[in-house]
Amino acid sequence: NNLKSVSSRRIRILNTHIPRQSKSAALWSRSYFACSAGGATIETLKEYVQSQTTPD
């Protein structure tokens, strides 16, 4: 939660074009994601991410 608070504040300071929908509008959701990549190298992970397609 602290990481989300600090990073949100920093992102808004550096990117003033990001609109606020209300005074209490959060940049991040309440949920979180955690994963493990096992023994994969950073190069393997980069290739995997770059090969992903985005939905229309």
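Reader: Which residues is Ser8 in contact with, leaving aside its neighbours within four places in sequence?
Author: In this predicted model, Ser8 is in contact with Leu27 and Trp28 once those neighbours are set aside. Contact requires heavy atoms within 4.5 Å.

Reader: Why is Ser8 called buried?
Author: Its relative accessible area is 13%. Buried means under 20%, so Ser8 at 13% counts as buried.

Reader: Where is Ser8 found?
Author: Ser8 belongs to helix H1, which covers residues 2-14.

Reader: What makes Leu45 partly exposed?
Author: Leu45 has a relative accessible area of 32%. Buried is under 20% and exposed is over 50%. The value of 32% lies in between, therefore Leu45 is partly exposed.

Reader: Which helix holds Leu45, and what is Leu45 in contact with?
Author: Leu45 lies in helix H2, residues 42-51. Leaving aside neighbours within four places in sequence, Leu45 is in contact with Ala37 and Ala40.

Reader: How many helices and strands does the protein chain have?
Author: The secondary structure comes to 2 helices and 0 strands.

Reader: What share of the residues of the protein chain counts as buried?
Author: The figure is 4% of the 56 residues. Ser8, with a relative accessible area of 13%, is buried.

Terms used:
Residues numbered from 1 in each chain as written. Predicted model: local features only at pLDDT ≥ 70, side-chain atom pairs only at ≥ 80, totals over all residues. Heavy atoms only, no water. Helix = DSSP H or I, 4+ residues; strand = E, 2+ residues; numbered from the N terminus. Buried < 20%, exposed > 50% of the residue type's maximum accessible area, 1.4 Å probe, protein only.
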